Amino acid sequence: MDTNKKIVDALRNQGYKATPQRIAIAQTVLRSKNHPSAETIHEEVLRIHPTVSLSTVYNTLHILRDMNL
């Protein structure tokens, strides 16, 4: 099973929408070999989703934390 499918399944199993922005944020976090800041994640995700807000990054990070991801 690929990473995208796992992320989508995990989000949906917890009752969250698996938006392209949330998937991109989760992928960025999972790819990171260090502990990136929300601002660093935001900068990277902006390349793919130019309209994503820093607030969306923070909210998604809270969701991922609550899901123990």
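Is Glu44 buried, partly exposed or exposed, and what is its relative accessible area? Glu44 is partly exposed, at 26%. The views below come from a predicted model, and a search of the whole structure turns up 3 salt bridges.

**View 1. Glu44 and Arg31 form a salt bridge between two helices.** Here the two side chains meet at 2.8 Å, N to O. This pair links distant parts of the chain, with Glu44 in helix H3 (residues 38–46) and Arg31 in helix H2 (residues 20–31). Arg31 has a relative accessible area of 48%, so Arg31 counts as partly exposed. Glu44, with its 26%, is partly exposed as well.

**View 2. Lys5 and Asp9 pair up within helix H1.** Take a look at the side chains of Lys5 and Asp9, which meet in a salt bridge of 3.1 Å, N to O. Both residues belong to helix H1, which covers residues 3–13. A spacing of 4 residues, about one turn of the helix, separates Lys5 from Asp9. Lys5 is partly exposed, at 42% relative accessible area. Asp9 is partly exposed too, with a relative accessibility of 23%; buried would mean under 20%.

**View 3. Arg65 and Asp66 meet in a salt bridge.** In this close-up, the side chains of Arg65 and Asp66 come together at 3.2 Å, N to O. Arg65 has a relative accessible area of 51%. Arg65 is classed as exposed because that label applies over 50%.

Definitions and conventions:
Residues are numbered from 1 along each chain as its sequence is written. This is a predicted model: local features need pLDDT of at least 70, side-chain atom pairs count only at pLDDT 80 or more; totals for chains, interfaces and linings use all residues. Side-chain values use heavy atoms; hydrogens and water are left out. A salt bridge is a side-chain nitrogen of Lys or Arg within 4 Å of a carboxyl oxygen of Asp or Glu. Buried means under 20% relative accessible area, exposed over 50%, partly exposed in between (1.4 Å probe, protein chains only).
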